[in-house]
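Q: I have a structure open and want to go through a few parts of it. Can we take it piece by piece?

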Amino acid sequence: MDRKIRIGALISGGGTNLLAIMDACESGGIHGRMVFVGSDRPDAAGLDRARTRNIPTFTVDYRRIIDDYRVAPEAVLPPDDFDLEEILAKQSLFAPEADPGRVNRFFLTRAVAEARLMAAMAATPFDLLVLAGFMRNLTPYFIDRINTAALKPRIMNIHPALLPAFPGTDGYGDTFRYGCKVGGCTVHFVDYGEDSGPIIGQRTVAVVPGETLDAFRKKGLAAEWRLYPECIQLFAQGRLQLVPRTRTLADGEIINRWIVEILPQ
Ligand code: GRF
């Protein structure tokens, strides 16, 4: 088989998905190896899990950048190659009617953080970047500089709901409170929107009558630990291909979307 893929990870918290991925790399479930782990929070517990395995780690403290900007915006300079107009034209995180001051502030501070992420990652070549509980939206500034080959996305995310239902930060909570009888998790490539990129894999988890949100969340997380390594292995095997899909809505509007096709082994 080909060489192992090099996987980088970004995390914000406990890193149980990171652990599942590192374990799968070691057991052969993923033909790959973890080459770095980065975080937006210096206190992310997952950083220790990586250090224990001698995997290089780094932190870019998003909170501090955002706070610095609040105190003295003129002192927080965007990267030289940051073009706000270009980012605004591409982004789909904010609706057109969103407050422009807030939107501009968001993309400027994120570009500062993302440039630091890329600087930290620059020393270590990687094939795939996995977001494993990374609680920050990436912007076109970062995504375009990572996805340099056409139709070969290489940033993956895991989301705690059956997308496109319940994007956002609390997928299990939203699924549970809505009264869904089934929820689950989704692995997808990252695009310019929030949890909106092409879906690679999904796993369902039943909401059992009478169970607590906490119990449902635990089952969901356990499903994530199986799904994420499976999807990463498909990437490692070169079996994920983007293909165009056209849908015509009832009013005649045509939607073009890239979807992921899984190639046979
Ligand atoms: C997971 O539920 C993931 O889907 C969500 O955040 C949680 C992270 O858990 N985005 P962990 O840090 O991998 O333990």
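Q: Which way do the residues of strand 5 point, and are they buried or exposed?
A: Ile155, Asn157 and His159 point one way from strand 5, while Met156 and Ile158 point the other way, and all are buried. Buried means under 20% relative accessible area, exposed over 50%, and partly exposed in between, with a 1.4 Å probe and protein chains only. Strands are DSSP runs of E with at least two residues, helices are runs of H or I with at least four, and both are numbered from the N terminus.

Q: Why the two directions?
A: In a regular strand the side chains alternate between the two faces of the sheet.

Q: What kind of model is this, and how are residues numbered?
A: It is a predicted model, in which local features need pLDDT of at least 70 and side-chain atom pairs count only at pLDDT 80 or more, while totals for chains, interfaces and linings use all residues. Residues are numbered from 1 along each chain as its sequence is written, and side-chain values use heavy atoms, with hydrogens and water left out.

Q: Back to strand 5. Why call it largely enclosed?
A: Five of the five residues of strand 5 (residues 155-159) are buried, so the rest of the structure largely encloses it.

Q: In what sense do strand 4 and strand 5 pair?
A: Strand 4 (residues 128-131) pairs with strand 5 in the parallel sense, over three bridges. Pairing requires that DSSP finds at least two bridges between the strands. Met156 in strand 5 is the bridge partner of Val130.

Q: What about the loop between strand 5 and helix 7? Where is the cis peptide bond?
A: The cis bond joins Leu163 and Pro164, with omega about 10°. Pro164 is in that loop.

Q: Is Thr175 buried or exposed?
A: Buried, at a relative accessible area of 2%.

Q: Switching topic. At what angle do helix 1 and helix 2 cross?
A: Helix 1 (residues 16-27) and helix 2 (residues 45-52) cross at roughly 20°, and their axes come within 9 Å. The axes are lines fitted to C-alpha atoms, for helices over the stretch in contact, and angles run from 0 to 180 degrees between N-to-C directions. The two helices are therefore roughly parallel to each other. Angles under 35 degrees count as roughly parallel, over 145 as roughly antiparallel, 65 to 115 as roughly perpendicular and the rest as oblique.

Q: Which residues make that contact?
A: Thr16, Leu18, Leu19 and Met22 of helix 1, with Gly46, Arg49 and Ala50 of helix 2.

Q: How do helix 1 and helix 8 pack?
A: Helix 1 and helix 8 (residues 213-236) pack at about 45°, with axes 9 Å apart. That makes helix 1 oblique to helix 8. Helix 1 supplies Thr16, Asn17, Ala20, Ile21 and Ala24 to the contact, and helix 8 supplies Leu221, Glu224, Trp225, Tyr228, Pro229 and Ile232.

Conventions:
Contact means heavy atoms within 4.5 Å.
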